[in-house]
Amino acid sequence: MKKIYFDHNATTPVHEEVFEAMLPYLKEEWGNPSSIHWAARAPRKAVDTARERIAAFLNCTPLEVIFTSSGTESDNHAIKGLVNAKKGKGNHIITTKVEHPAVLNTCKHLAKEGYEVTYLGVDSKGMLDIDELKDGVTDRTILITVMYANNETGVVFPVDEIAAIAREKGIAFHTDAVQAAGKVPLDMQKLNVDLLSISGHKLYGPKGMGALFARRGVRLVPLIHGGHHERNRRGGTENVAGIVGLGKACEIASRDMEREIAQLTRLRDRLEKGLIERIEHVYVNGDRENRLPNTTNISFEFVEGESLLLNLDMKGIAASSGSACTSGSLEPSHVLMAMGMSHELSHGSVRFSLGRINTEEDVDYLIEEMPPIVDRMRSMSPLYAGAK
Ligand code: PLP
């Protein structure tokens, strides 16, 4: 059976060069980088080099990079670390309704602890209203946390505008750039964010590895207390192989991004055009201008998304839906619901997220296989029969 992977926003395959770079640190260079003897030297150097590579990728200084265990930890570290450091200065956080659970549930947790949280809405294209953000700021606001790009729709938020507002008002600004890293250039000299999260496995690096950019001077209370690692900012012996992998992944992303953006955009557009031409009642969700090059979220009316995914899986095609049906609940996607979509349409939505391994043949295979599957499913739908 063919195996075609259109789920790169869930995770990416480890790049061959990343794998090669990591191997020595799982094998012969097993020393603890904090030791003072010979066994520490190579791992210590490797950690330093990786930090420099990530700093080059983000155009920041190596001291502004904190290694974490995931994008989720980076988000938690940024948000909890910042509000804990600002105790007594205010208790209000601004975020959006469409954040990843790593941010959303962190904010919900803080709300239970007494923080006031404003969840900004989005319009039908999944875009933020900047005026709503401005109006939401109070003299108690200590943090704005708004994602760079949405994992379900790929919509890219105007992070530079938000950063300008935050800076003008003297409010800390964190952005979850887990989906943006490697797909759009991130330059910390140009972007006035204070905190930015990235994750290894979304950019062809290892799972369980993340980093947090924390601008010089931004104070954070550590999330994980322990030894003096990461200059007292995150305790725990370094995951040397993971760190090396993330460093290499960032180096490769810097090198290949321009070419990949062009390729992904071309494939994504071909995929959308092919499906729209061949299947009726199909809608692309989210702002089609301001979005990641690799992501498309498509609603197939009169079709149940989870069954569609199972049918695609039988053809060897991996894609995903934003809804949480797979985890046993039938909740529709919180992102599509925030965009004002009906339950039915949101349940019929599929996310295709492309990556460097995809080819035109992959896309054409999907375009060939999809129409008969949708036809079959619709033929069983009383709603479709009524709509015809
Ligand atoms: N933030 C966003 C936008 C994501 O898409 C994800 C993963 O899907 C995360 C955070 C969490 O990253 P990790 O899987 O490394 O914990």
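**Notebook: the chain and Asp-362**

I began with the surface and noted that the chain exposes about 17100 Å², of which carbon and sulfur atoms supply 52%, the areas coming from the Shrake-Rupley method with a 1.4 Å probe. I keep in mind that this is a predicted model, in which local features need pLDDT of at least 70, side-chain atom pairs count only at pLDDT 80 or more, and totals for chains, interfaces and linings use all residues. Residues are numbered from 1 along each chain as its sequence is written, and side-chain values use heavy atoms, with hydrogens and water left out.

I then looked up the overall dimensions: along the principal axes, the C-alpha atoms fill a box of roughly 70 × 55 × 35 Å. Of the 388 residues in the chain, 57% are buried, meaning under 20% relative accessible area (1.4 Å probe, protein chains only).

Next I turned to Asp-362, which I found in helix 12, spanning residues 360–379; helices here are DSSP runs of H or I with at least four residues, numbered from the N terminus.

Which side chain of opposite charge is nearest to Asp-362? I found Lys-2, 6.2 Å away, and noted that Asp-362 is buried yet has no salt bridge, a term for a side-chain nitrogen of Lys or Arg within 4 Å of a carboxyl oxygen of Asp or Glu.

Finally I checked the neighbours of Asp-362: leaving aside residues up to four places away in sequence, Asp-362 touches Ile-4, Phe-6 and Ile-357, where contact means heavy atoms within 4.5 Å.

Key:
Helix = DSSP H or I, 4+ residues; strand = E, 2+ residues; numbered from the N terminus. Buried < 20%, exposed > 50% of the residue type's maximum accessible area, 1.4 Å probe, protein only. Lys, Arg positive; Asp, Glu negative; His and termini not counted.
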